[in-house]
Amino acid sequence: MTTSEDLRWLGRAVELSRLCPPSRTAFSVGAVIVGADGEVLSEGYSRELDSHNHAEEAALSKLPAGDPRLRTATIYSSLEPCGQRASRPRTCAQLIIAAGVPRVVVAWREPDLFVTACQGTALLTSAGVAVEELPELAEAARAANAHLID
């Protein structure tokens, strides 16, 4: 069930997407990891740490491996977590599943620009992760990527 907090944190993820160094070959994405108590555990955005980082990957990498807070956290991402990628051995969906995060909230499903029929949501849901889409923030997420889709 969507709450005002979901809109708030997903809005923050969209804000972070605007910090991404522009790329003609990758989306600008922001991610926020919020604990069950409402505390921000981590934030990240695409290409924040290196030219191949995805937002969810950047946010997860700032937390210790096996952090128990992840088991009750929510990841808010301005774009559907990737289910395929060439630049790393593990996709964002795989990283989220491995971290044990039970819930992901996204603003926008990945369009068929770099990958046809992104499988991120399907991979997450098949692993038992709850995925919610808040389309009311999709336009803002697309705006951070206007250089790719306009």
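Author: In helix α3 (residues 92-99), the buried residues are C92, A93, L95, I96 and A99. This is a predicted model, where local features need pLDDT of at least 70, side-chain atom pairs count only at pLDDT 80 or more, and totals for chains, interfaces and linings use all residues. Residues are numbered from 1 along each chain as its sequence is written, and side-chain values use heavy atoms, with hydrogens and water left out.

Reader: What puts these residues on the same side of α3?
Author: They cover an arc of only 160° around the axis, so they lie on the same side of α3. The arc is taken from the directions from the helix axis to the C-beta atoms.

Reader: What do the buried residues of α3 pack against?
Author: Their partners are α2 (55-61), β3 (74-77), β4 (103-106) and α4 (120-126). Helices (H or I, at least four residues) and strands (E, at least two) are DSSP runs, numbered from the N terminus.

Reader: Why does T121 count as buried?
Author: Buried means under 20% relative accessible area, exposed over 50%, partly exposed in between (1.4 Å probe, protein chains only). T121 has 8% relative accessibility, so T121 counts as buried. T121 sits in helix α4.

Reader: Which residues is T121 in contact with, leaving aside neighbours within four places in sequence?
Author: Those are E80, R109 and V131; contact means heavy atoms within 4.5 Å.
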